[in-house]
Amino acid sequence: MEYSVSDDGRTAKDRYSSEEAKSHDRLQQDLYGELRCAAEAHRQTRQYMQTYIKPGKTMIDICETLESTARGLIKENKLEAGLAFPTGVSINHCAAHYTPNAGDPTVLQEDDVLKVDFGTHIHGHIIDCAFTMTWNPRYDKLLDAVRDATNTGIREAGIDVRLCDVGESIQEVMESYEVELNGKTYKVKSIRNLNGHSIGPYRIHAGKTVPIVKGGEATKMEEGEFYAIETFGSTGKGYVHDDMETSHYMKNFDVGHVPLSHVTNH
């Protein structure tokens, strides 16, 4: 079979010149290098906090210790490097997005299920990762279910994979587990209105969602995209609603530039 040749003699396999290819590779290496550094700061923070967090500590102390540790490891520098979003330390029935406001007296208890969610970034390239801690072995199966479901989502993800297929695989694994609490057996359910998501530069939720139940959108993952595969397992109804004080804020990227008026004080 004959393949067409462009005016400058290049075939389809040479759509980049060698210099263009080198430049593209350099950009990618810089990007992945920054992601690796942010991921390593996250890993070391996570490793330290898993030894530091214990029942009896206040949630404010846990958050302040985590954030100061992460800031030091990431070498925080204004918008160039630092924390990617408010630290979440959600307990028990609270699934996500709780952080203690000033004056919050909440103390971690022996029977709590604690979800710790924090992020690091370099030049807006975000690492978003969470972990769960318990001190009562009766919750081991719940942790196993979520860990297995998360690893399944990571394994199923890839270029041209439909997001709905990832969600269906996650749900199948998650809901194959059961947990016995106080003599009663509960089926672990995927929380259907919580999702993973795509991540963009300086943007934690970049527009695409990764469901954790079947029946989601048939949108496909694309080359060059970054995703947080997040799974949430519950012994409850598998559905969450807004509650408690507001502690998280996020920029609305769909709003254009809004000029702020300057008030002169006399």
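Rings of Phe, Tyr and Trp (for Trp, its six-membered ring) form a pair if their centres lie within 6.5 Å. The legends below describe close-up views of a predicted model.

**View 1. Aromatic rings in the model.** Under this rule, the count is one aromatic pair. A pair of aromatic rings is described by the distance of the centres and the angle of the planes.

**View 2. A charge over the ring of Y52.** The ring of Y52 has the charged end of K57 sitting over it. The distance from this charged end to the ring centre is 4.2 Å.

View 3. Helix α3 covers residues 140-156 and includes T152. T152 has a relative accessibility of 3% and therefore counts as buried, since the cut-off for buried is under 20%. A polar atom of the T152 side chain lies 2.8 Å from the backbone oxygen of D148. Leaving out residues up to four places away in sequence, T152 touches S169, I170 and V173.

**View 4. The length of helix α4.** Helix α4 runs over residues 163-174, twelve residues in total. At 1.5 Å a residue it should span 16 Å, and its end C-alpha atoms are 17 Å apart, so the two values agree.

**View 5. The buried residues of helix α4.** Nine of the twelve residues of α4 are buried, so the helix is mostly covered. Among them are S169, I170 and V173, the residues that T152 touches. The buried residues of α4 pack against helix α3 and against the strands β7 (189-190), β9 (209-210), β10 (226-228) and β11 (233-234).

Technical notes
Residues are numbered from 1 along each chain as its sequence is written. This is a predicted model: local features need pLDDT of at least 70, side-chain atom pairs count only at pLDDT 80 or more; totals for chains, interfaces and linings use all residues. Side-chain values use heavy atoms; hydrogens and water are left out. Helices (H or I, at least four residues) and strands (E, at least two) are DSSP runs, numbered from the N terminus. Buried means under 20% relative accessible area, exposed over 50%, partly exposed in between (1.4 Å probe, protein chains only). A polar contact is a pair of N or O atoms within 3.5 Å; within protein, one must be able to donate a hydrogen and the other to accept it, and residues adjacent in sequence count only if both atoms are side-chain atoms. Contact means heavy atoms within 4.5 Å. Rings of Phe, Tyr and Trp (its six-membered ring) pair if their centres lie within 6.5 Å; planes under 30 degrees apart count as stacked, over 60 as edge-to-face and the rest as tilted. A charge sits over a ring if NZ of Lys or CZ of Arg is within 6 Å of the ring centre and within 35 degrees of the ring normal. The expected span of a helix is 1.5 Å times one less than its number of residues.
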